[in-house]
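Welcome! Take a look at the model below, and then we will walk through a few of its features together.

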Amino acid sequence: MINLELPKKLRASANQAHQVAAEIFRPASRKYDLAEHDYPVELDTMAAMVEGLSDSGSADVSGATGGRKAEGETDSHATELLGNTNGGNMAALMNALETSWGDVGLMLSIPYQGLGNAAIAAVATDEQLSRFGKVWAAMAITEPSFGSDSAAVTTTATLDGDEWVLNGTKIFVTAGSRATHIVVWASVDKSLGRAAIKSFVVPRDAKGLTISRLEHKLGIKASDTAEIRFEDCRIPKDNILGSPEVNVEKGFAGVMQTFDNTRPLVAAMAVGVGRAALEELRKVLTDAGVEISYDKPANNQHAAAAEFLRMEADWESAYLLSLRAGWMADNKKPNSLEASMSKAKAGRMGTDVTLKAVELAGATGYSQRTLLEKWSRDSKILDIFEGTQQIQQLIVARRVLNLSSDKLK
């Protein structure tokens, strides 16, 4: 049974992440929202801190990678006997939540903590982990011809001797111009359909890889978002993540396992931004003389207070769903359904809470006097990337009804 009380080890790690968010991210948040594409130099301090904590054996404070349970990650011998493990996924989830409370764009820009690192952690072999375990890896999935339908990949990877040759274009690559490596989804044989889609680790300085454009975006402006072109881009044969064999029976399931790790993390980002907005809105309402009471029925309170209570309850449900998905990953339980449930719920909650906070705060919310309007812009992407709201609901429906993708589209 899931234990919703965070273990002491994770509380300490989450507290470290919160201090980073409060002391480094939040003070620089507006600066990099107004200076899109400028590299946040404060993150160099952050990277040095993460490396120091990693070398000392402390938990990482950024939370973008998640992945496998490392040796000694169980909370105690007692929890191991009870079959309850709180490992890398739960730690990453809590740290993503706390750092996103500071600034989700800066969180996505932390060196060596890209979404591609989560893919490496999820499916790499032990030998590949030794080579790529400490790189900064972005994730390149989306193409100009498709968005959330990840099976529609047209980028190709052709084996030529001891090298793979990649051709295609990827868009909306988070940290694409800053990361040292790019995890690229490409098909090794289009005639075999989605089963032939594999992940490849491509050094950003590889010949044939071009950063063709940086996007101007609605939110998360501290994070660079790139278009990348691959033109006869050659990489070593063993840079394909996991097995190079195409298993038609297994189909697309192998490469999609990455999302079971990353979707709860994106949900946690939305939970972090939502909490920031709720805390700021509470201050604004309190200063305006609006009392928020947990002892009175909502219908007997100020309309703004009643709305606040509704949003806070919605936030709590998103938080608990995210914890559940992360806990299941750590405990080796299939969590595809729960990962999509948490992503769908948290993404919708984040946009609802932040936009409503802007509305309830009035002129204060719409102006740049607070970060409320920024959080409303930042939160939208969290309902889109790693699979849109509609895609998550479709996945949930398939799992609940036990229907395959060809029977429920």
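Which residue is the bridge partner of D160 in β3?

## A hairpin to start with

The partner of D160 is E163. Strand β2 (residues 156-160) and strand β3 (residues 163-174) run antiparallel and are joined by 5 bridges. Two strands count as paired if DSSP finds at least two bridges between them. The two strands form a hairpin with 2 residues between them, and G161 in the turn has a positive phi of about 70°.

Helices and strands here are DSSP runs numbered from the N terminus (helices are H or I with at least four residues, strands are E with at least two).

## About the model

This is a predicted model, where local features need pLDDT of at least 70 and side-chain atom pairs count only at pLDDT 80 or more, while totals for chains, interfaces and linings use all residues. Residues are numbered from 1 along each chain as its sequence is written, and side-chain values use heavy atoms, with hydrogens and water left out.

## Two helix pairs

Two packed helices are described by the angle between their axes and the distance between the axes. Helix α1 (residues 8-34) packs against α4 at an angle of about 25°, with the axes 7 Å apart. That makes α1 roughly parallel to α4; angles under 35 degrees count as roughly parallel, and those over 145 as roughly antiparallel. The crossing of α1 and α4 is right-handed.

Now turn to α9 and helix α10 (residues 336-360), whose axes come within 9 Å and cross at roughly 155°. That makes α9 roughly antiparallel to α10. The contact of α9 with α10 has 13 nonpolar, 3 polar and 8 charged residues. Here Ala, Val, Leu, Ile, Met, Phe, Trp, Tyr, Cys and Pro count as nonpolar, Asp, Glu, Lys and Arg as charged, and the others, Gly among them, as polar.

## A cavity inside

A search of the whole structure finds 1 cavity of 30 Å³ or more. A cavity is a set of points on a 1 Å grid over the protein atoms alone where a 1.4 Å probe fits but cannot get out, and lining residues have an atom within 4 Å of a point. The largest cavity has a volume of about 40 Å³, a volume being the space filled by probe spheres set on the points, which are joined across faces, edges and corners.

Residues lining the largest cavity include N89, D260 and A325. The largest share of the lining, 4 residues, comes from α8.

Notes: On a 1 Å grid over the protein atoms alone, a cavity is a set of points where a 1.4 Å probe fits but cannot get out, and a pocket is an open set with protein on both sides within 12 Å along at least five of seven lines; lining residues have an atom within 4 Å of a point. Axes are lines fitted to C-alpha atoms, for helices over the stretch in contact, and angles run from 0 to 180 degrees between N-to-C directions. Angles under 35 degrees count as roughly parallel, over 145 as roughly antiparallel, 65 to 115 as roughly perpendicular and the rest as oblique. A crossing is left-handed if the near helix is turned anticlockwise from the far one by less than a right angle, and right-handed if clockwise.
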